Amino acid sequence: MMNIGLLGLGTVGGGVYELINQREDMNVKYVCCLEEPQGMRAILTRDFNRIINDPEIDTVVELMGGMNPAKDYVVRAMRAGKNIVTANKLLIAECYEELTQLAIECGVIVRCTAAAGGGIPWLTAIARCNRVDKISAIYGIMNGTTNFILDMMHRKKVEFDAILRQAQQLGYAERDPSADVDGHDIRNKLIISANVAFGVSMPPSEVDVFGIRNIRQADVATFLSKGLYCKLLASSQRMGGKVTAYIEPTLVPGESPEAAVHENFNLIGYDARFAGRQSFYGQGAGRYPTAYNVVEDLLDLNQGEASFYADKADQIHISNELAASSYYVRTSKPDAWLQERTAARWGEAYITKPVTVKAMHAWARQSADPELFLAAIR
Ligand SMILES: NC(=O)c1ccc[n+]([C@@H]2O[C@H](COP(=O)([O-])OP(=O)(O)OC[C@H]3O[C@@H](n4cnc5c(N)ncnc54)[C@H](OP(=O)(O)O)[C@@H]3O)[C@@H](O)[C@H]2O)c1
């Protein structure tokens, strides 16, 4: 019988508690949360020391989110010899190297399948693929909130602000939507996925990210008139010893699989030498899909499954100068750099010749236009 200390009883933690209570092979002994919910079978505590000092506890499930105190609790639990299951993408993306090394030092396992892909068994699929094959690229739609917004803008012809408000009412978007619409949530998922896929540890600050905050209905109308759909795509490729990693709005043909991903669904995949292209479609978030993957991780632990990250992660720099495409750029502040690289115009927008991802994002970061929107053309 696994004895678990559960940290956090919110959207995912509450779902995990429910699923575990339906099982015979695991038991939530403690719940560490700020409130005092009624009718709990577990011991409620705000004192984390009680959990790590209890020798019966073999596993700590961290579902509080954020860096503090989540990191402190996870590190202390590992030092006390407890295995960790978490869905905390921020923590894992920012501290990947430190936590995976500490796990090895402490002889414990950290699993975080729900941190990238929510309910999709994505990291475990990558790990299985790596046992036989070599992954060369990962890509896809990794955030349901932004996919919902873009999908509605294409299909219902609504403006960004109106659909963002609706996404907030439906509970798809947070009150502060920045982490989703500015691409930071996807960045964390891409980092974790690429680290596991390529056996590396990439610096989060070097991932080029451009979000969808500035997309307007007029942009979408232009894309649709050309048979294109705009999707917020994450990409990372391994090229020899180098790795690219970036997130940007991307124009894909109407007949591509990405264009057919509606509402808040995700579509993520990899390219591998023998397995070829494999794609995974499903719920990338939500109480039960995410809780499902947390419980799957617990079962893997229980069955003695090893960690899915490599024992040694190479610290790398991201090489986005190796990826290039043409871009759609809508700006009221074109400069000589943009004009020199312009190959065509779509209405007011500039269509560039192939430009490296690194150069395009560097130009966007220094642009004085707060309304700038860009999208790669695939
Ligand atoms: N929601 C999803 O669909 C989803 C999908 C994939 C991954 N995740 C990840 O899963 C994690 C949890 O997300 P969530 O949506 O479940 O968040 P949430 O609903 O905000 O739940 C977090 C819970 O942790 C509690 N908490 C915060 N600080 C605490 C502390 N110091 N001690 C004890 N309890 C504390 C909160 O209590 P209060 O409410 O009282 O503050 C809340 O009950 C995050 O890392 C998130 O990124 C979520």
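Predicted model: local features only at pLDDT ≥ 70, side-chain atom pairs only at ≥ 80, totals over all residues.

Trainee: What radius of gyration does the chain have, and what would a compact globule have?
Mentor: The C-alpha atoms fill a box of roughly 65 × 45 × 35 Å along the principal axes. For 378 residues, a compact globule would be near 21 Å, and the chain agrees with that, since its radius of gyration is 22 Å.

Trainee: On to the ligand. Which element gives the largest share of the shell around the ligand?
Mentor: The ligand has 24 residues around it, and the closest are Gly8, Gly10, Gly65, Ala87 and Ala285. By class, the shell splits into 13 nonpolar, nine polar and two charged residues. The largest share, three residues, comes from α1.

Trainee: Are α1 and α12 parallel or oblique to each other?
Mentor: Helix α1 covers residues 11-21 and helix α12 residues 287-302; their axes come within 8 Å and cross at roughly 60°. An angle under 35 degrees would count as roughly parallel, and roughly perpendicular starts at 65. The pair falls between those two ranges, so α1 and α12 are oblique.

Trainee: And what is the handedness of that crossing, where α1 passes α12?
Mentor: On the α1 side, the contact is made by Thr11, Val12, Gly14, Gly15, Val16, Leu19 and Ile20, and on the α12 side by Arg287, Tyr288, Thr290, Ala291, Val294 and Val295. Those residues divide into eight nonpolar, four polar and one charged. As for the way α1 passes α12, the crossing is right-handed.

Trainee: Why do α3 and α5 count as roughly parallel?
Mentor: Helix α3 (residues 70-79) packs against helix α5 (residues 96-106) with the axes 9 Å apart and an angle of about 20°. The cut-off for roughly parallel is under 35 degrees, so α3 is roughly parallel to α5. The value that settles it is the angle, about 20°.

Trainee: By class, which residues does the contact of α3 with α5 have?
Mentor: α3 passes α5 in a right-handed crossing. From α3 come Val74, Val75, Met78 and Arg79, and from α5 come Leu99, Leu102, Ala103 and Cys106. By class that is seven nonpolar, no polar and one charged.

Trainee: What about α6 and α10: at what angle do their axes cross?
Mentor: α6 (residues 122-132) and α10 (residues 184-198) make a right-handed crossing. The contact is made by Trp122, Leu123, Ile126 and Ala127 of α6 with Ser193, Val196 and Ala197 of α10, and by class it has six nonpolar, one polar and no charged residues. The axes come within 9 Å and cross at roughly 15°.

Trainee: Now the backbone. Which two residues does a cis peptide bond join?
Mentor: Most peptide bonds are trans. Look in the loop between β4 (59-62) and α3, where Pro69 lies. Omega is about 5° for the cis bond, which joins Asn68 and Pro69.

Trainee: One last thing: what is the phi of Lys157?
Mentor: Most residues other than glycine have a negative phi. Lys157, in the loop between α7 (144-155) and α8 (160-169), has a positive one though not a glycine. Its phi is near 60°.

Methods. Residues numbered from 1 in each chain as written. Axes fitted to C-alpha atoms, helices over the stretch in contact; angles between N-to-C directions. Helix = DSSP H or I, 4+ residues; strand = E, 2+ residues; numbered from the N terminus. Parallel < 35°, antiparallel > 145°, perpendicular 65-115°, else oblique. Left-handed = near helix turned anticlockwise from the far one by under 90°. Contact = placed C-beta atoms within 7 Å. Nonpolar A, V, L, I, M, F, W, Y, C, P; charged D, E, K, R; others polar. Near = placed C-beta within 6 Å. Rg over C-alpha atoms; globule rule 2.2 N^0.38 Å.
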